[in-house]
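Good morning, and thank you for coming.

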Amino acid sequence: MTALLSWLRRDLRGAISLGFLAALTLLAVLAPLIAPYSPTAQSVAEMLAEPSGAHWLGTDDLGRDVLSRLLHAIGASLYASVLAVAVGAAIGIPIGFVSGFVGGWFDEAISRVIDTLLSFPGIVLAVGVTGALGIGLTNGMIAVGIVFSPTLARLARAQTLVIKHELYVDAARCFGASPWRIIRRHIMPNAIQPVIVQLTLLLAMGLLAEASLSFLGLGVQPPTPSWGAMLARAYSYMEIAPEQMYAPGLAILFTALAFNALGESLRIALDPTMRRR
Amino acid sequence: MMGKRVRLALRRAAQVIPVLILATLVVFLLLHLVPGDPAVTLAGENATEEHIAEIRHFYGFDQPLAVQYLHWLANAAQGDLSHSLISSESVRTSILQHFPATLLIVGLAMLLSIAVGVPLGILAATHQGGPIDTAVTSLASLGVALPNFWLAMILVGWFALQLNLLPATGAAALTEDPVSALRHAILPAVALSAGGIAEVVRQLRSALLEVLSSQFVRTLYAKGLPPRLILWKHVLRNVGVTLLTVLGILFNRLLGATVVVEAVFAIPGMGSLIVQAAIAKDFPVVQGVVFAMVLVVILTNLLIDVLYSMLDPRVSV
Amino acid sequence: MMPMNHLRRRDVLLGSGAAVLTGAAPRQVQAAATVLRVSNRANPDGLDPATGIAGSDHVALYPIYATLVEWDYATLKARPGIAEEWSFPDPLTMVLKLRSGVLFHDGTPCDAAAVKFNLERCVNEPRSSVKGDVSSIASVETRGTDQVVVHLKLPNTALPLALSDRSGMMISPKALASPNGVVRNPVGAGPWKFVSWQDNARIVLARNESYFKPGFPRIDNLEFTIIPELNTGLRSVIAGENDIVFRVEPPQKVVIDRAKNLTLVMGPTLYVHQFFLNLSHPPFDNLKLRQALNYAIDREAFNKATMMGLAEPTNTLLPKSHWAHDPSLDAAYPYDPAQARRLMAEAGVGNGFEFNVLGYPDQTAQQRQEVLIEQLGKVGIRMKFTRASVGDSSAMYFGPEKRGDALLAAWTGRPDPSSSYSQNFAKEGFYNTGHVQLVPEMPEALAAAQSSVDLDQRRETFRRVQKLVVDNALFCPLVFDPEIDAHGPRVKNYRPNLLGKPKFDEVELA
């Protein structure tokens, strides 16, 4: 706890981004309580209203309060990012650890698969797979997770390759520890730090991927609000209500910035060589 | 010396084939392990069970997956990427028609990324820790986090709809009307290049910092060479190698990002093609587009590898 | 039929067109070649009229294929096409008298033999998508080169207008015999010849110099640019990159009004947004729940929210301007949530019910879904949506899978109303996906509507069919789409039609 506090004191950027994300999570949880209106309550009389005292950010094409929709969309965005990263981690990290640890032809083959997957333009694959699996947020994010997995596998493998030649791992092996035990007790704890940094950075990519898929109509499905889908609707009405496109875009931008900044801060905080500097 | 390079290139080229086969297999499995029967969609209105079975047989959907895949692969090896289930168009023709528009905006975006990113990256690295460095790296962070389709919307709103400077939609063929083609490509390319510039700046800055803090450069400083000379003569030589690496990453990333940007600008490129095909479950088209994109990415990487070995003699495979 | 001055003027122009072919003065004339650039929403699913499916294909099919019968733009009453006239010597025989000298684009004659070939193909071709339209045909024979005798299995006075649709689009038999067919290389007898088609990008057509209507078309080349998002399509017309965009969404009317260089063209259509209901299983095998659904929808509010109030709310398939519209049904299902709740309570689901519905994923479709989710939610009717493309959701709902309880989509309309009613409400009708007949009187009422010839008599028979459908709430119609088109300053003489599928033969460019 004190370590965390002292880190935060030293790293303003990290503190701000962590604070922002914590506040965002809080807002997502509290959205039903603090949002001024229901995110789906429509009002034919107030379609595309400009910002006012009653509607701070105006209303959308169906007369719904934009601020309330923005708040209620946080949940879907965070869920989407976390889901994509979790899927990527669940597939990629174990494969990376095992491949790096086992080595030999197995590692060679896995590396080849990883390289292949890395040469896929990510969102293209996600779009193709979402179309096939059926349109919806969860399917879309699973597809994005699949796209993330080779990055994580490669990182985990590289870390394992370094650590498995460390003296303490050799020692454990000499004492007859099983491979699983070595992976679990020695390799994972030591290799996980760069992976955590990468996971944080991928959260930002997941957020942007969710927004892109929702913009294309392949992600979050109505009436659930989503920043990407709000932008798609705003684009339809751009000639009539151009101001509609700013709030959801800024929300995506700031959240992605916060994930990235937190990742960078973690990289510095967790990297022993950097810390010494 | 030349023989070695040719051998290297050939060896790399030979490695491309298993990677391609693997890539197509992955896509094929992802698309076909999914429930649903395209034959029903194809049969259309008033379709009877026999009619559907007929269509299933006609397209070979009743064959085992392995047979379907090998059949596809055998045809693909001869340049036949099958036909669209919806419009019967040859997938290869579709791809050849849609790729130029995509390549134009991606190419232009890469040029922009380098033209803006390289000077900024050098500026940041040579002023490390100073206000210029802070400003440039902050901009780069912004570029990474910026949703490019949102930037595209803003550009359409400002430059096309309000100021009427550039076209809001569509594309023109570079071979038919170069001026119009470039005018159409500018806004999409700018929207794409935000992320590209950020990537170039970050990679170049960190590569340069590494060189600047290396023993070799420190020795040069110790020898009393003027800092400007050191930068131009010794450091920038390393920029080429870094740039090559970045180009590969950039190309791959922009090719992906173009999907959403094309939707904003209604550009008839590979992105529009795959989005429409994916929604309509037109599997041969999805498969073909992914295949073509992977092929292009892999060939680009191959080319970069070969160039890399020429620039940096230490690299050998 | 056509004003004479047009003929003379066009004869002169045609003469200069011929000069292009002979190479007399190519440069100047080519420079004057006129191109109408159309923003088209959908990539066709093939340009073979007898095997394609999508209602959006017609816009690209009409220019290429002349039809046996045409219709009046405003009322959809039948008009001569390739067939100059037609008659029913007895209820089971229809005789078509063809114009002489009509040629396909490949130079082969569009004569009685070609018509017989095409009609038989519509009936027999395994992939035919128009079997429903020609199911009444027993056999076809030719009488000389300009008469076709169609023998019918049962009286069908809707057949002439059916021949203004896909089944009446004549294809060159020679082109059909080529190994690639006409799906991507269409050859018809329409005003324009096919030049090229790039999927999801562009279709290019060029003037048919030997088109059978002298003086038409008035434009040399027709180019469709495929832009799926209508807003983007409209933007392309504002920017002058295209000349015309058709069937834009109502909210875009504001944009058209504001743009100084655009002309707004509006009109009614037969295109009705509706829920198709599966009547074979719960909840919609229950009359009370079908009625509750109809009462729970505030069509006027739906019109305001999604159509800017420009659409026409409805309880039937026929708009006010149609000859068979029945005004007595206009108020059949007013917005009455209390009545909806009462009906649900009588059906034993007082707290509401849930149903699975298929819908489309595009932005405007999602907007309509959102409004309906909100409206129905107020009386406790909950919708669980599965979203898929038009083709995909149709296949899931109407195909053997029979997925979902309802489909929120649209009926694009048919030139003759009896096709619409029999395809939706006959037991074997393709769009009656449950394939049950809940109304014992329906088969007889539909047959009567198909055998009457006189217009007043037909109006009476349709009154009966419509009332049966409304009383039994066999579907849930919402509103008729308004036709909203916009064109740039160069376009002259563009008229929409009640079918909502634009034709461009008459259009001129300034």
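In this predicted model, the contact draws on 33 residues of chain C and 30 residues of chain B, where two residues touch if their C-beta atoms, placed from the backbone, lie within 7 Å. On the side of chain C that touches chain B, helix 7 (230-238) and helix 13 (390-398) each supply at least two residues. That side comprises 12 nonpolar, 12 polar and nine charged residues; Ala, Val, Leu, Ile, Met, Phe, Trp, Tyr, Cys and Pro count as nonpolar, Asp, Glu, Lys and Arg as charged, and the others, Gly among them, as polar. The model has an ipTM of 0.87 and a pTM of 0.82.

A word on conventions. Residues are numbered from 1 along each chain as its sequence is written, and chains are lettered from A and ligands numbered from 1 in the order in which they are written. Local features need pLDDT of at least 70, side-chain atom pairs count only at pLDDT 80 or more, and totals for chains, interfaces and linings use all residues.

Let us turn to chain C itself. Its secondary structure comes to 16 helices and 19 strands, taken as DSSP runs numbered from the N terminus (helices H or I, at least four residues; strands E, at least two). Along its principal axes, the C-alpha trace of chain C spans about 80 × 55 × 40 Å.

How confident is the predictor in chain C? The mean pLDDT, the predictor's confidence in each residue from 0 to 100, is 89 for chain C, and 94% of its residues reach 70 or more. Over residues 1-30 of chain C, however, the pLDDT is below 50. Where pLDDT is low, the predicted coordinates should not be read in detail.
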